Amino acid sequence: MGAPVIPLAAVPPGREVIAVAIRAGRGLTLRLMEMGILPGTRMRVLKPPPGPVVIEVRGARLALGWGVAQKILVQVVA
Amino acid sequence: MKVKREIVVAIAGQPNVGKSTLFNRLTGAHQHVGNWPGKTVERKEGYRDFAGYRIRFIDLPGTYSLSALGVEEQIARDFLAKEKYDVVVNIVDASNLERNLYLTLQIAELTPRVIIALNMMDLAEQKGLRINVEKLRRRLGVPIVPMIAVKGKGIEELLRTIIDVVENRIEPQLPHITYSPELEQAVDEIENIIRHRNLHRQLGYHPHWLAHKVLEEDFFVLQSIEEKDPDAYSTLTTLIEQIGKRLGGPPSVAMVQARYKLLREICAPLIEKRPVKPTLWERFDALALHPVVGPFFTLFIMLAFFVAVFSINTGFPLNYFLEWLGYPDIAVTLESYSLSGLLGEAFSSLAESMRIALADVPLWVQGLICDGIIAGVGAVVSFAPLIFLIGLGIGALEDSGFLARAAAVMHRPLKPLKIAGKGFIPLLLGFGCNVPSVMMCRGLYRECERRNCALIAGLVPCQARLAVILAIVTAIFSTPLAQIAVITSLYVVALLLLWVIGVLFAHTLFRREPSAQLVIELPPYRAPFVGNVLMYGWNLTKHFLKKAGTIIFLLAILMWFSLSYGPAGFTEDPSLSYAALLGHALTPFTRVFGASHWVLVLALITGFIAKEAVIETVALAAGTPSISEALGKLGVTPLQAYSLLLVVTIYIPCLATIATIWSETRSWRYVLLTILYMTGIALLLATLVYQLGAWLGF
Ligand SMILES: Nc1nc2c(ncn2[C@@H]2O[C@H](COP(=O)(O)OP(=O)(O)O)[C@@H](O)[C@H]2O)c(=O)[nH]1
């Protein structure tokens, strides 16, 4: 559990990560959480920046802007 | 069969779960598309007669949750909280169960009468998921109907289940979420205040539900409490702050976490997953979303789609291409057999035969019928095939999953306009025609995006404007280099303006709105379902004919009147009409931007009906079919021509676009603003260019 906490935007493709925190305004935080990205959620990075960051979370595939991906802090687990 | 009773069923679900497919399957052709009152959000309603019942289906907007983050969520939950209905059918994507059931839990807070339509069973299978439906049914306490909506599987059973619930043979009982003791206590405290202040009556919600929403700091709920009872509002906000301190974070976060925790507990034991390899198409996403290749790829697909649609509709641009290749005959044939060619033919021969049939009636009646009414109907109908074709194309691109990728990759350039990447679709459509472009704005996520997009959509130079530009440019400028330079400069000016004005509106009219954040689901690629696509095109066309059609028709009659009546009564000579009079009166002013002949002013006035009318008017009033001759007769210099082109490109969107802006935004302020800013900028810019050019000696 000692992996460093980094923004989602910095994760290389193919890696599995666990969300640690969302550092965004209320509206965006709620929207992300309701779409299934919560602290503790496991997800997989399919495509890193440049361009939208694509992740797979709870069976769905989401595209996030770089700014958004920068606000989601994660730990790489695999 | 005698209809026993009418029942109302709301259909709720997250985006991309097959909700439209299910709705189309359930209602067939018995559907009606309108807008939710006062909103630019589509409202679909339809019915199905089954087992002696008339089941009326209301399609709620597709939303991930019922937290009122946007208009869609607000509409969906206000319907569920305030309207009368018998059952909610919650359509759920089996291949993405946990997140889909999040919405289910939120619906359960509003009503227990829920049926789950567990759709995409085939897709779940492909993804290697096996769901124990029976256990899920027991665990959730509601009827669950497994379905494959595209194949029509499960429809009958769903209908039977609806009747079972209505006749109380089944009583759905969704599980209640128990939040942590701290949260439960907070809800109680808030509910006490709400009951004490009678807020639930004033707002028309259930007090327990309202307490949850207050604790979640729901924007719309708190806003309406502030309006109704400022005292209670400040008491409540202080209380929430205290609770937040006790919890060590905002309560809303804790509540979402509690819901997802429950869902994990429910779902994890019921789903078996075996690993599957990513499909070829999924690898393809790396290309479609590539920062450099992606936009080109997207533009390429859209361009191919345009060329196809517009060639079918008017022959353009394929006819130019054929001519260029040396097949002028085929080009002409293509043009006359294109949809708008055939329609135009039909309407003009209808007008001609009416003119002959009405030879004995007064001339003004003949004129009213042939040039007013028939031309008015023609103006409306001639847009219909284009709208239908565009509807088909967009429907197919959307159904296949392509549009989601396009929206993701086009997000950046539109960010300063506070419009999400999806806004690129309506804007791009504008190059063909501004009417469907304004209509497509409804697909955007937030009200402010839809409005900003509709406001600037008229600035995209449409095909009709291109026709005018081409005609005038080829008549006035002789070298190909000059021609290309003029055309390119007009497009650059228009698109730059679009961007600048869009940014301007974003920071004035919509300054309170945050900029759009890219968070979009990428549904799997799949072959579009023909039934959905056809229904999409048909509904769009019907909506256009009904809503914008009437206004276009009325305005066309008005234009006919001003062109056929003058101080001396009815006239067949437009130069004696009120419109010409207006042209004469305006000429002293229009001189500043080079429109020094009244015919040019008249042409600009008729250009409001349809942009291509500019050319017709100039030719007609100058009394020669050749544009270059006509412009020569009027003494138009290249500088004057250029400034005139600037005006034609930017000034007032055509009548049909105006009508559509009204029918979509339902706001005269927006219509007026569009007309004023476009005309104002066009005249200002043209004056500047003309005066500067004249000063430089052009
Ligand atoms: N494999 C599969 N695809 C489906 C099913 N139901 C709908 N679809 C497809 O899913 C896509 C989205 O459907 P649509 O009805 O537009 O979803 P909506 O956004 O919820 O209205 C379309 O391509 C449909 O053809 C199903 O049961 N199985």
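Is K19(B) buried or exposed? K19(B) turns out to be buried, with a relative accessible area of 9%; here buried means under 20% relative accessible area, exposed means over 50%, and partly exposed lies in between (1.4 Å probe, protein chains only). This is a predicted model, in which local features need pLDDT of at least 70 and side-chain atom pairs count only at pLDDT 80 or more, while totals for chains, interfaces and linings use all residues. Residues are numbered from 1 along each chain as its sequence is written, chains are lettered from A and ligands numbered from 1 in the order in which they are written, and side-chain values use heavy atoms, with hydrogens and water left out.

Back to K19(B), then. This lysine is found in helix α1 of chain B, residues 19-27. (Helices are DSSP runs of H or I with at least four residues, strands are runs of E with at least two, and both are numbered from the N terminus.) Setting aside neighbours within four places in sequence, K19(B) is in contact with I11(B), A12(B), G13(B), D59(B), L60(B), P61(B), G62(B) and I91(B), where contact means heavy atoms within 4.5 Å.

Next comes the place where the two chains meet. Here 27 residues of chain A are in contact with 34 residues of chain B. The area buried between them is about 2700 Å², and carbon and sulfur atoms give 61% of that; buried area is the accessible area (1.4 Å probe) that two parts lose on being put together, summed over both. Between chain A and chain B there are 15 residue pairs in polar contact, both residues being at pLDDT 80 or more. A polar contact is a pair of N or O atoms within 3.5 Å; within protein, one must be able to donate a hydrogen and the other to accept it, and residues adjacent in sequence count only if both atoms are side-chain atoms. On the side of chain A that touches chain B, the elements giving two or more residues are α1 (26-34), β5 (60-64) and α2 (66-71) of chain A. Of these, α1(A) gives the most, with eight residues. By type, that side of chain A divides into 15 nonpolar, five polar and seven charged residues. (Ala, Val, Leu, Ile, Met, Phe, Trp, Tyr, Cys and Pro count as nonpolar, Asp, Glu, Lys and Arg as charged, and the others, Gly among them, as polar.)

Salt bridges come next: a side-chain nitrogen of Lys or Arg within 4 Å of a carboxyl oxygen of Asp or Glu. The structure holds 37 of them over all chains, and the count between chain A and chain B is three. One salt bridge joins the side chains of E98(B) and R58(A), at 2.4 Å from N to O. In chain A, the side chains of R44(A) and E56(A) pair up at 3.6 Å, N to O. That pair links distant parts of the chain, with R44(A) in strand β3 (residues 42-47) and E56(A) in strand β4 (residues 53-57), twelve residues apart. R44(A) is partly exposed at 29% relative accessible area, and E56(A) is partly exposed at 27%. Over in chain B, E191(B) forms a salt bridge with R195(B), the closest N and O atoms being 3.0 Å apart. The two are four residues apart in helix α7 (residues 181-197) of chain B, so they are separated by about one helical turn. E191(B) counts as buried at 10% relative accessibility, whereas R195(B) counts as partly exposed at 44%. Salt bridges that share partners also join R44(A), E56(A), R61(A), D285(B) and R405(B) into one network.

What covers them includes α26 (530-564), α27 (578-590), α29 (613-622) and α31 of chain B. Among the buried residues of α33(B) are Y670(B), M678(B) and G693(B). Just after α33(B), G697(B) takes a positive phi of about 90°.
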